[in-house]
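Please walk through the structure below one level at a time, beginning with a single chain as a whole and ending with the place where two chains meet.

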Amino acid sequence: MLCALCAGAVALAQARAEPTTAQSFAADDGDLVISLALEDPPSAEILASLSEGLQCEVRFNARVYEKARGLFSFLGDKLIGERHPVYNARFDELGDDYVITTDGRGVYQFQTATSFLASFFSLDNYATGIPVPAAGDCYALTSIEVNVARLVPPLNMISLVFPVNRSATAWTKTPLRF
Amino acid sequence: MKLARSPGSSATGLLSLVLIYILLIILILFFSSQVLQDISKASSLTNFIVIPLAITLPLFIVGTLVVNIVRLVRERRSGQPGFRFKFRMIVFFTFIAFLSSIPQGILSISFINTTMGSWFSTPTRSALQGGLDVAIEYVNDKLANLASFSDSAVFASILRDVDSAPDRFWTNIHEANPSISSVQVFRDDGSEVLFRGDQTARIRTGFRLSGEEGMLPKESNGDVSVLRFLKSYRGANGHYSVVLSSLLPPGFDQKAQALTASREIFTQLDRFGSLFRIVIVIFFSIFSVPMLLLSILVSLLLSEEIMRPIVDLEEATRRVTEGDFSYRILGRSGDELALLVTSFNKMVSELERSRLTIMQTEKVTAWQEIAQRLAHEIRNPLTPIKLSAQRILRKSQEGREELDRVLAPAISSIISEVENLDKLLKEFRDFSKLPAPELAEVPLRPLVAEVAETHGAAYRDVRFHVEEIPEGLVVRADPGQLKQVFINLLKNAFESIEGPGDVYVRADLVRKGSLQYCRIQVQDTGRGIGAEYHNQVFNPYFTTKGNGTGLGLPIVERIVFDHKGQIWFETEVGVGTTFFVDLPTEQ
């Protein structure tokens, strides 16, 4: 079991080295607003997967920390909040269009692959609702996971042992100063 | 009386294994109900508990198993009883566990393969794809119908009525193409001019027209989907955008999506099927291997439980063989071996009683023999004393001159015999009143060398060898008594050699049962002991030497016994004699 888990972890670690993210942060009424985009996304694989009738998934991960100070700083920084918005994409053969469904139940249709890809790999001005203390020394950790073929139950147990479809960017640390 | 019972750890161990078994069952149930259904539903809390459990439980079982196996190997190396039986039990249990798990495994994997094979069956796949193709074709037909009608001359002639007679406009469209569900006309600014037909297909406010002719994106309204075609027309009163709509049957989209989802599952099975089989086998192993290891652990504990009374019996038998008749076994009530244990304890009690009786009888006999021999030995010098005294008396009556002549030799004889008597009584006292040994660490080689130097000086033709006593070998004994043992044995050895010869003293550590002994050998190249004397060598007052008291070897035997040791000898007439002394290294 351990070997299988280790193999999975190694595969995931290898996958992490590939894509990178572009990001920007803003504050709206004290709450953090983030924009993330995947640079050099696996567009061909995504389109191939969609044309096969499979669904794809992009998960944007954002964590906001406040730096710990003082005696107990060794315990680690304080997690202020985290958000993981998810985009699901499928190709609607009846309508001949690409459909993105967000975890906020929003549905967006795209007539062309180009417009679909531009939207699918980017999270624009996402209001996290995470309050950022003005005086605090805060930073954000961001990462994007791409699942080329979203597995359906019970096949999803494959991902526990062999995360074959997933790739993820490394966590990027960005200081937040507004 | 010593009562012995092995520490009982099996019950606790079995209880722990039952607990682990229950945890494994819970894990399996969780796995089948959560992970197999939808892994995303497994909460982080359950993962926090379940994943560490899933990793630590097999590790714990493996660790416990390794510890038990190491213990078993140690038992084998130390020659502890019951190893073979335990080993057989474990092999047997493992074999049984394999026998039951292998068919289960084969059956499960075969079932998975067969089930997945049926999932992949071509009719299902082609049926799903066919259904989806039919749906797409139906939609495409509708779209083609809309497009061809919009571009037709009929529609172009109908369009003339759009601003003059809107009702006729709709009636004509519907008569020309009954599949059209509605028509909606907009001005360039997006304001609606007219709408006729099914309200479901009506474009609500906020809809922005692109202005380009052609198909519009499919729109879903509740469970109804609408297909639309945009046609531009310049009429008498201005420019219009005419939207022709066609409704798909209610639920058409949902059914098509269900078909798409099913096809997605089959596509995934097709793509990841082989990987899924491997994962199934891995997860099957994750849960079946710990179960197998658990059964081996159970076999270890059960074999321990079964073997314990047998090992106790073996231990008790050995202790009794070594002379410890006070050893008893505590039998457990309800134990099948309790009867055997009770019989054994009874037998040892009887043996002890018989031994005490025999010892008492032997003691009386020995003392009778000693008394007779002592009387004999005392009587021997009394005769010359008496004769000397009578001679002195007789000569004193014959005159002074005669008395002077015999007085000195007679008195010398009396003194000599009295000295012999004194020596005899002194040795008897030593033999009968040996103090209890006061144990101390005695370095063996220096002690033997000292004795040989002191008592072997008179035997210049005899070579003495202590090289085979390991340097630093220490014996736990009473130093004075041990020295007496070597004095007596070495004196016997030196005196048995006529002319040149050798005396060897060797020592080594030996193990008998669970006890370790220091084995000392005193070997001479003397005349040996005749077979007729073998049974009398350790008897008090038995001697083949003219000036011997016959108490040297009995004293040695007594000292060795007092040290809980053993003494025996090997001899060959004309070759020599070796005395063996075993002294326990731990008391």
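Of the 587 residues that make up chain B, 21% count as buried. The model is a predicted one, and chain B averages a pLDDT of 82, with 91% of the residues scoring at least 70. For the model, the scores are ipTM 0.73 and pTM 0.55.

The secondary structure of chain B consists of twelve helices and 14 strands. When contacts in chain B with a separation of 6 or more are considered, 67% of them are accounted for by residues 24 or more positions apart.

Turning to the contact between the chains, 27 residues come from chain B and 25 residues from chain A. On the side of chain B that touches chain A, helix H4 (122-151), strand S4 (214-221) and helix H7 (252-321) of chain B each supply at least two residues, and the largest share, 15 residues, comes from H7(B). Sorted by class, this side of chain B has 18 nonpolar residues, together with four polar and five charged ones.

Technical notes:
Residues are numbered from 1 along each chain as its sequence is written. Chains are lettered from A and ligands numbered from 1 in the order in which they are written. This is a predicted model: local features need pLDDT of at least 70, side-chain atom pairs count only at pLDDT 80 or more; totals for chains, interfaces and linings use all residues. Two residues are in contact if their C-beta atoms, placed from the backbone, lie within 7 Å. Helices (H or I, at least four residues) and strands (E, at least two) are DSSP runs, numbered from the N terminus. Ala, Val, Leu, Ile, Met, Phe, Trp, Tyr, Cys and Pro count as nonpolar, Asp, Glu, Lys and Arg as charged, and the others, Gly among them, as polar. A residue is buried if 20 or more other C-beta atoms lie within 10 Å of its own, exposed if 12 or fewer, and partly exposed in between; C-beta atoms are placed from the backbone. pLDDT is the predictor's confidence in each residue, from 0 to 100.
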